[in-house]
Amino acid sequence: MEIWRLPISASQRGKLISSGYTSLSSLSSISSSDLARELKVSESEAMNILKVASHSRGSETSNASCSIVEGAQSAWDMLHDEESLMHITTSSADLDNILGGGIHCKEVTEIGWSSLSLIVNSVLKYKLTTAFSSESIIFMLIGGVPGIGKTQLGIQIAVNVQIPNDFGGLGGKAIYIDTEGSFMVERAFQIAEACIEDMSEYNRFLRKDFQECKIKMLPQDILENIFYFRICSYTEQIALINYLDKFLSEHKDVKVIVVDSVTFHFRQDFDDMALRTRVLSGMALKLMNLAKRFSLAVVLLNQVTTKHTEASFQLALALGDSWSHTCTNRIVLYWNGNERYAYIDKSPSLRSASAAYSVTARGIRNSSSSCKRIKMM
Amino acid sequence: MTPQSLLQLTSQKCTTGCPILDRLLYGGIPCDSITEIVAESGSGKTQICLQLSLHAQLPVSHGGLAASSLYLHTEFPFPFRRLHQLCLSFRSSNAHHFPVNDNPCDRIFVQSVHTADHLLEIMSKTDPFIENSKNQVPVRLIVIDSIAALFRSDFDNTPVELKRRSSLFFKISSKLKALAKRFNLAVLVTNQVVDLVGPNEGINGLRIGNLVCLHTSGRRVCPALGLAWANCVNSRLFLSRNEEVIREENEKSNGQSCDFVKKKMRKLYVVFAPHLPESSCEFEITREGLFGVER
């Protein structure tokens with residue numbers, strides 16, 4: 001209870017509590033004369049108490065909600081915030097559909113870029129508002145075998161986050177942490193170019209609604225807005241994530257962090273496995289804090305490994321069960337016949353579903369097969 | 001820590017010596033990246049490695065890296081004679097780039113490797129070696145031919161040993177990538193294949209990359225060293241060879257059996273690569289080297 005923390009005398013505190021004022025919010029709407037009468041103290045003393053109380057409430061004025069526990073929000077406020085959340089769209093309409101519109105800026109997921117129909121969908125469906133709260137961000141793991149398109153997805157997200165607000169995007173920048181050396185600039189350029197072309201086409205399509213929406217972006221601009229870090233060891237990885245705090249406070253327009261892949265450097269011999277678990281959970285915690293503080297999405301690309309059961313093998317996310325469980329949202333990419341599929345393995349807010357997608361020269365797009373279907377589990 | 005500017009980050013490539021292959025690979029073998037070539041014996045892995053080591057010496061304006069190469073070989077003996085043969089044809093077609101008495105073979109440093117630990121040892125010495133080479137012709141290409149030979153015999157098939165083997169993969173790959181980044185090297189690694197037998201191939205039947213299944217010499221195969229190693233390389237190329245019947249010859253009038261004219265059909269496939277689409281092309285191996293064929 002915040003009353004305990006107020007810098008007032010013990011007798012004043014005792015009087016407040018016995019009169020029923022147990023939280024700061026209860027002091028927000030009372031006048032000093034009323035308070036003086038209630039507490040049987042002088043008016044100047046009451047005014048002092050109110051001043052101290054409003055002072056400690058000062059930092060929360062932006063969110064306006066009164067809470068008993070600092071940082072908490074009522075469920076109603078949370079629902080309101082969710083509805084006004086911005087989404088980073090994927091390029092595949094089916095993927096976006098199972099992801100409730102795209103990657104939330106609170107949750108990290110993997111997503112690609114969508115086709116023209118998806119851009120239209122996401123704009124019409126969601127309010128073009130830039131308000132989103134500073135609630136905690138849950139990050140998401142995306143795992144898959146080599147060649148399934150994890151890096152492609154990562155690049156697509158880093159490009160998609162930059163879609164301007166006028167097109168239903170976040171207009172933000174991206175941090176891309178490359179641990180494997182898979183990032184190819186020419187591919188990012190290709191994807192950026194295709195993204196701008198899609199936007200121009202959309203612009204032409206809806207010309208009557210958006211007069212001033214000229215596409216002035218160039219692929220080079222998109223590449224410039226991706227902060228690219230290449231790291232070569234796990235110590236560098238930890239150091240970088242620790243450094244991101246400072247970096248993000250200087251670059252408040254970053255809206256997504258992509259780590260490709262988060263597992264590579266941890267799969268070497270760690271003499272002490274308990275140390276590895278500690279380091280990993282520390283890193284996860286840091287990332288979650290960054291996501292929360294700076295209101296951004298965190299996308300972690302994960303390798304897969306095999307788990308040997310009695311009869312056969314099973315694919316599992318690398319780095320063990322405890323690592324997988326630190327992330328509340330997980331998407332698994334896999335091959336189904338000749339198609340690439342994304343499956344929501346776990347999520348607190350989305351239903352388990354799978355959707356097909358494809359990797360094209362323009363980036364991630366809807367699967368081209370005509371019999372694709374979103375399967376709900 | 002400052003982020004790298006993507007606009008200044010150019011991915012340099014090393015030409016393979018054949019414009020058709022270069023087109024398939026969008027320029028050649030990329031630097032700051034590990035490219036793996038998977039094939040069964042006799043498919044042309046070593047040919048590509050030797051050819052690349054020579055063409056890396058071409059100036060950058062002609063697709064090379066203006067560099068010498070470090071060739072780590074694990075299978076014996078090293079094909080010196082074939083290298084010499086390739087060198088002659090390389091010199092004759094690129095005479096204007098090299099002075100008269102120059103021998104491109106001088107710029108290929110060959111080192112034999114016996115075990116995985118030996119490889120790690122060599123790599124720790126490679127750092128100063130490459131650093132020193134900057135004074136003459138810098139080393140910009142490392143070839144490991146083949147990585148599979150280092151791991152095929154030393155490890156039992158128990159989970160503990162396999163785990164130890166896996167962490168060695170990541171250690172080696174991590175060191176190679178660090179070297180590649182530090183000196184902007186291209187790394188080329190060759191790998192062998194294992195046969196897939198029967199309908200239940202277990203983990204080896206897992207699809208990795210663009211091809212549902214790899215076929216060579218009429219058999220279904222998969223790359224050696226498993227899923228763990230697949231996670232360690234950036235790009236994977238597959239060379240297949242098959243005997244194809246072109247036509248029948250000497251057809252007898254009574255329809256009895258006749259001679260078939262067979263031809264070796266060789267194809268290069270992109271299994272996975274972050275910058276390449278799914279593609280393939282035919283190639284042939286001649287005295288002058290390995291070249292793509294346009295049909």
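So, how many salt bridges does the structure hold over all chains? There are 21 of them, where a salt bridge is a side-chain nitrogen of Lys or Arg within 4 Å of a carboxyl oxygen of Asp or Glu. Side chains of opposite charge can pair when their charged atoms come close.

Quick housekeeping before we go on. This is a predicted model, so local features need pLDDT of at least 70 and side-chain atom pairs count only at pLDDT 80 or more, while totals for chains, interfaces and linings use all residues. Residues are numbered from 1 along each chain as its sequence is written, chains are lettered from A and ligands numbered from 1 in the order in which they are written, and side-chain values use heavy atoms, with hydrogens and water left out.

Okay, chain A in brief. Its secondary structure comes to 12 helices and 14 strands; helices (H or I, at least four residues) and strands (E, at least two) are DSSP runs, numbered from the N terminus. Of the 377 residues in chain A, 53% are buried. Buried means under 20% relative accessible area, exposed means over 50%, and partly exposed is in between, with a 1.4 Å probe and protein chains only.

Have a look at strand E4 of chain A, residues 173-178. Here 5 of the 6 residues are buried. A:Lys173 has A:Val254 as its bridge partner in E6(A). E4(A) is also joined to strand E5, residues 226-230 of chain A, by 5 bridges, again parallel. There, A:Ile175 is partnered with A:Phe227.

Now, how do the two chains meet? The contact takes 41 residues from chain A and 36 residues from chain B, contact meaning heavy atoms within 4.5 Å. About 3,500 Å² is buried between the chains, and carbon and sulfur atoms give 63% of that. Buried area here is the accessible area (1.4 Å probe) that two parts lose on being put together, summed over both. On the chain B side, B:Met1, B:Leu6 and B:Arg207 supply 20% of the area that chain B buries against chain A, more than any other three residues.

Which salt bridges cross over? The rule finds 2 across this interface. One of them pairs A:Arg230 with B:Asp32, with the closest N and O atoms 3.6 Å apart. A:Arg230 is buried because its relative accessible area is 8%, whereas B:Asp32, at 23%, is partly exposed.

Let's stay with charges, but inside chain B. B:Lys125 and B:Glu121 meet in a salt bridge at 4.0 Å, N to O. Why are they about one helical turn apart? Because they sit 4 residues apart in helix H4 of chain B, residues 116-133. An α-helix has 3.6 residues a turn, so residues three or four places apart point the same way. B:Lys125 counts as exposed at 54% relative accessibility, and B:Glu121 is partly exposed at 44%.

The next pair is B:Asp127 with B:Arg182, whose closest N and O atoms are 2.0 Å apart. This one links distant parts of the chain, going from helix H4 to helix H6 of chain B, 55 residues apart. Back in chain A, salt bridges that share partners join A:Glu197, A:Asp198, A:Arg362 and A:Arg365 into one network.

And then there's a charged residue with no partner. B:Asp22, in helix H1 of chain B (residues 19-24), is buried yet has no salt bridge; the nearest side chain of opposite charge is B:Arg23, 8.7 Å away. For that, Lys and Arg count as positive and Asp and Glu as negative, with His and the chain ends not counted. Leaving aside neighbours within four places in sequence, B:Asp22 is in contact with B:Thr15, B:Thr16, B:Gly17, B:Gly27 and B:Gly28.

Last stop, cysteines. How many disulfides are there over all chains? The count is 0, a disulfide being a pair of cysteine sulfur atoms within 2.5 Å. Take B:Cys281: the nearest cysteine sulfur, that of B:Cys18, is 7.1 Å away. B:Cys281 is buried, at 10% relative accessible area.

Key: Pairing = 2+ DSSP bridges.
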